[in-house]
Amino acid sequence: MLQKKNLWWVLAIAVFAMYPIVVTNPLFTTIAVFTTIYMACATSWNMFSGYSGYIALGSAVFYGSGAYTMALLSLHLHMAAGSDMFWLVPVGGLVAMVFAVPFGWIALRVRRHTFVVITIAVFFIFQLSAINFGFTGGTSGLALPFITWGYQNFNTPFYYVGLSLVVFATALSAAVRRSRFGLQLLAIRDDEDRAMGLGVKVSAVKITGFTLSAFTVGAAGALYAMFVGQIYPQFVFDPMFDVSIALMTFLGGLGTLTGPLLGALVLEASQQYLTVTFSNSSLYLILFGALFLIVIMFMPQGVVVYLRDRVTRRAEREREAVAANDLATADAVAPLDVAVGGAH
Amino acid sequence: MNSIALLSAAKDGILTGSIYALMATGLTLIFGVMDIINLAQGILVILGAYLSYALQVHWHIDLFVGLLITIPTMFIVGIVIERLFMSRLKGPEKTAMSLLVTYAVSLLIEGSLNMIFSVNDVQLQGWYVPKAFAIGQIHFGYVYVAGFILAGVLLSALYFMLYRTRFGVSVRASLADQTSAALVGIDVRRVSTITFGIGVAVTAAGGMIYGATNSFNASSSYDLISRLLTIIVLGGMGSLGGAMVAGVSMVFIGDMVGVIWSPVWSSMSYFVVLVIVLLLRPQGLFGKQLTRAA
């Protein structure tokens with residue numbers, strides 16, 4: 001028997017699966033592909049940074065590694081341009097995990113705010129390497145095998161792979177959240193020293209979480225590379241990527257399951273739409289910055305938590321009103337009971 | 001590669017590094033007192049540079065004279081940012097939130113600068129900008145030397161303020177422990193606001209020298225902030241002396257790598273040095289020992 005909550009998820013997946021059937025305009029399906037990529041990345045980012053409280057601003061390392069894995073393997077294996085290349089999407093994720101182990105080992109040795117800065121530094125090491133090494137093609141980047149399935153339905157396969165990544169990341173994030181391992185991550189967020197005192201192997205848990213979260217981001221990077229067909233180091237190793245997925249998660253609600261999904265859906269879709277319609281990127285920066293500030297200032301816990309709190313508060317108020325009513329009745333009958341009732 | 005080139009690189013490292021040290025000191029001071037990582041420091045440096053640019057182009061005010069206007073202006077900008085946004089940040093996620101808020105502020109400033117000044121590169125001009133004098137075979141650009149002196153003067157002034165005035169005692173007390181500082185009657189709120197103002201004010205001087213020695217536009221801020229962050233982490237976050245030492249040594253190492261190996265690796269050397277140092281000393285060169293995982 002499906003629970004009501006699960007029913008909502010099934011419904012959401014169904015709606016998303018219907019999207020390219022209903023909407024056929026390539027402009028909107030392109031936006032949808034990017035949106036699924038960001039939804040998967042934000043969810044995956046939240047699975048480590050949201051649960052453990054270690055804000056990472058270096059996820060573009062994984063995204064870029066995935067993208068370069070896709071590009072380099074498809075070129076060196078002389079793969080035929082086509083759906084076979086989708087097999088490289090999980091490979092991109094695995095390569096990102098391989099990079100994540102030493103990255104996490106170095107970066108997670110320090111306190112939280114230093115961690116942020118180290119992730120930024122490691123990010124720049126990767127970006128500069130991609131620009132300066134020969135095999136990455138330098139600043140001119142790499143061109144992938146040119147995919148030639150029809151223009152009209154070009155985006156659809158990418159969209160479904162992207163959507164599977166979203167479903168995978170969300171399921172993984174939910175599984176982690178309910179597991180013993182997830183509780184350990186949350187314990188680290190709340191009080192790392194106490195968690196350690198209670199026997200949580202904090203280093204191992206942090207590195208595992210960090211590495212696990214790298215997979216979907218790397219896979220999404222590989223999908224991105226295959227989708228756009230040409231990668232440049234400054235776009236796959238982009239500082240804006242790091243900040244964007246963090247912002248999406250904060251907007252939706254850090255540490256929640258639906259938060260990063262919602263945040264990425266709203267922000268990435270609107271960003272893509274605005275870039276297409278407004279050519280003025282400076283105005284866009286100002287709008288984006290302003291929205292960002294408003295959210296952080298007025299809903300610091302994210303929209304999901306904000307709305308949930310409002311609903312709970314209203315429910316509480318109603319309950320209080322009822323309770324006050326009861327109290328008034330009780331008061332009239334027997335004043336002694338009130339003291340007992342008040343202790344509830 | 002010869003010894004002249006090496007000496008020349010060493011000279012550049014020390015002269016330019018002092019300016020980075022000045023900008024990073026503002027950043028580390030803000031972090032130490034307020035637990036705020038000011039990601040907007042990079043764009044504020046660029047804003048400072050554009051202020052000097054505007055004064056020069058529209059009113060023909062000399063760059064160094066212009067500092068008398070730009071430093072107080074940037075101080076006020078800092079105060080406004082602190083009052084509007086920073087003062088609202090509270091709670092255990094304060095540092096993480098501060099990253100996002102200051103990043104948003106920097107996007108706002110970046111967008112505005114792009115609209116006002118366009119994205120074309122500019123460079124600050126003055127009769128002394130292209131000039132240099134030589135000692136032996138090593139050339140010293142006037143601006144670089146002036147920047148070194150300026151950084152020295154401002155850092156000394158900052159040190160005097162921190163270690164010889166009553167206000168400085170309050171700042172250092174807040175650096176050490178905010179709660180205790182508040183308990184002995186220090187107005188930590190006021191100290192924070194003024195500290196943020198001072199931390200931002202140094203960007204006016206840093207930006208002016210940066211703008212005279214590099215061509216820049218608003219997106220130069222990404223390169224700047226990544227260097228500044230690396231410097232303060234290497235030096236130990238919240239350590240003023242650490243920011244100075246790290247600032248000079250980072251640029252020095254970068255220039256050395258550029259001469260000995262290849263210029264393309266010089267900026268990467270910062271980050272590699274940082275990672276190596278942190279492996280051995282997670283708190284940075286002069287950072288406080290790790291206590292509780294805050």
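This is a predicted model: local features need pLDDT of at least 70, side-chain atom pairs count only at pLDDT 80 or more; totals for chains, interfaces and linings use all residues.
**A:Asp190**

Is A:Asp190 buried or exposed? A:Asp190 is exposed, because 10 other C-beta atoms lie within 10 Å, and exposed means 12 or fewer. I also checked A:Asp190 against A:Val305, which is 115 residues away along the chain; their C-alpha atoms are separated by 18 Å.

**Helix α6 of chain A**

Next I turned to α6(A), residues 155-178. This helix has 24 residues and reaches 35 Å from its first C-alpha to its last, close to the 34 Å expected at 1.5 Å a residue. I then asked which residues of α6(A) are buried. Among them I noted A:Phe158, A:Tyr159, A:Gly162, A:Leu163, A:Val166, A:Ala169, A:Thr170, A:Ser173 and A:Val176. I reminded myself that an α-helix has 3.6 residues a turn, so residues three or four places apart point the same way.

**Where the chains meet**

Last, I looked at the contact, which takes 37 residues from chain A and 39 residues from chain B. On the chain B side, α4 (94-117), α9 (220-235) and α11 (266-280) each supply at least two residues. Which helix gives the largest share of that side? I found that α4(B) does, with 15 residues. By type, the residues of chain B that touch chain A divide into 29 nonpolar, seven polar and three charged.

Technical notes: Residues are numbered from 1 along each chain as its sequence is written. Chains are lettered from A and ligands numbered from 1 in the order in which they are written. Two residues are in contact if their C-beta atoms, placed from the backbone, lie within 7 Å. Helices (H or I, at least four residues) and strands (E, at least two) are DSSP runs, numbered from the N terminus. Ala, Val, Leu, Ile, Met, Phe, Trp, Tyr, Cys and Pro count as nonpolar, Asp, Glu, Lys and Arg as charged, and the others, Gly among them, as polar. A residue is buried if 20 or more other C-beta atoms lie within 10 Å of its own, exposed if 12 or fewer, and partly exposed in between; C-beta atoms are placed from the backbone. The expected span of a helix is 1.5 Å times one less than its number of residues.
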